[in-house]
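Subject: Structure handover

Hello,

Here is the structure for you to look at. My notes on it follow below.

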Amino acid sequence: MQQKLSNDFLIQCAHEFGTPLYVYHAERIKGQYERLQKAFHECDARFFYACKALTNINILRYIKNIGCDVDCSSINEVLLALKAGFVSENILYTSSNIAFEEIETAAELRVNINIDSLSNLRKFGKKFGSTYPVSVRLRPNIMAGGNLKISTGHKNSKFGIPLEQIEEITAIVRETGVWIRGLHIHSGSDIKDVDVFLKGVQVLFDISAHFSQLEFLDLGGGFKVAYKPGDEETDIELLGKKVTEAVASFEKQTKRKWKLWFEPGKFLVSEAGYFITQVNVIKETPAIVFAGVNTGLNHLIRPMFYGSYHTIENISNPVAPAKKYTVVGNICETDTFATDRELNEIRENDYLLFLNAGAYCFEMASNYNSRYKPAEVLVKNDKAHLIRKRDVLEDLLKNQVEVL
Ligand SMILES: *Cc1c(COP(=O)(O)O)cnc(C)c1O
């Protein structure tokens, strides 16, 4: 297991590149990938990094170089993956409610395509018949994940084709000859419970008999990571063991081999990321002591968007006695990062470090309040490389057309 980057190193990065700053630790990503490979080494398993978690081109290249494949959520992510050097057969495009034209583009690019509606599947079948293999995203009607906002497989979710409509899928296969090579589910994010994944595998096993040309079953991503000391992550080693057992007995039953695909996002990059902020203002009010940092929900929206917890550490005053703070941002909007959090005494200009800042953090950043997006740094072999410059004023004006 890779260790956390040291406070001294992170403070050096802050001095060199300024704050707020995202820092990613390459070897930590590799460590997570190796855990997955090891846990599933007895299966014929393939991992596609769900790159919507973090798409900096250097991260994509690094992921490719360690041998991991990539899962994309938009055609632009597909184009970025190609630019990063992935070959098309190692790219998976899992769409959700996209225009059929984008699926046609993906087919021209020869990437793996995962279709999530009857409507697009029918169009695809009509156009391509049996000439281009696809997989189908199913909605397993399983409630899974950390909370409703990040749960995608339940019975009111927009994602995937509901299991009840399996007959409609097989009708499309009969009518158009569409070649269904894989079945896919992705039930949500932050799924801790191994049994939820096993339930998902079982769902896929049960319906696989409806399709005669299947090669793989895709279980999606959603593995949970630990957000604070003592927090539980998905027991990936146990999951590997249980899934391997389930697949082995299914292989015996069906007298054939099965390939398994996975799409980990958060699991690969969450813990590899750090967000370094600096304290602008300490505001002592009768009820609460606020620590106001030089960033906000424009740079890290997860706490306000879906109540995510990020561990925060005062890395410039790490042994001072702890006090309670509410850590807030500098945006004209309520942007609370942490409420009544015990932190080592905070002084103005201290560096507050946010952990688990690799997945869905920079990626969801915006220029709200006309603030600059932060810089990003990749640490590889103990060396810090700037991989995205901080915005400057021209970036805010870049696509604006001045007509007045
Ligand atoms: C977002 C997403 C993932 C990754 O989810 P994590 O919780 O980051 O592992 C996997 N598959 C699909 C289709 C996704 O949309």
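In which helix is the place of I207? I207 lies in helix 8 (residues 194-208). Helices here are DSSP runs of H or I with at least four residues, strands are runs of E with at least two, and both are numbered from the N terminus.

Before the rest, the basis: this is a predicted model, in which local features need pLDDT of at least 70, side-chain atom pairs count only at pLDDT 80 or more, and totals for chains, interfaces and linings use all residues. Residues are numbered from 1 along each chain as its sequence is written, and side-chain values use heavy atoms, with hydrogens and water left out.

Around I207

I207 has a relative accessible area of 10%, so I207 is buried (under 20% relative accessible area is buried, over 50% exposed, in between partly exposed, with a 1.4 Å probe and protein chains only). Leaving out residues up to four places away in sequence, I207 touches L138, L163, I166 and L183; contact means heavy atoms within 4.5 Å. I166 is 41 residues from I207 in sequence, yet their C-alpha atoms are 8.2 Å apart in space.

Helix 7

I166 is also among the buried residues of helix 7 (residues 166-176), together with I169, T170, A171, I172 and T176. These buried residues pack against helix 6 (118-128), strand 6, strand 7 (161-162), strand 8 and helix 8. Just after helix 7, G177 has a positive phi of about 75 degrees.

Strand 8

Strand 8 (residues 180-184) is mostly covered, with 5 of its 5 residues buried. Strand 8 runs parallel to strand 6 (residues 134-139), joined by 4 bridges, and V134 stands opposite I180. Strand 8 also runs parallel to strand 9 (residues 216-218), joined by 3 bridges, and here H184 stands opposite D218. Two strands pair if DSSP finds at least two bridges between them.

Helices 2 and 9

Helix 2 (residues 26-39) packs on helix 9 (residues 236-254) at an angle of about 30 degrees, with the axes 8 Å apart. That makes the two helices, helix 2 and helix 9, roughly parallel (angles under 35 degrees count as roughly parallel, over 145 as roughly antiparallel, 65 to 115 as roughly perpendicular, and the rest as oblique). R35, L36 and A39 of helix 2 meet I236, E237, G240, K241 and T244 of helix 9.

Regards

Conventions. Axes are lines fitted to C-alpha atoms, for helices over the stretch in contact, and angles run from 0 to 180 degrees between N-to-C directions.
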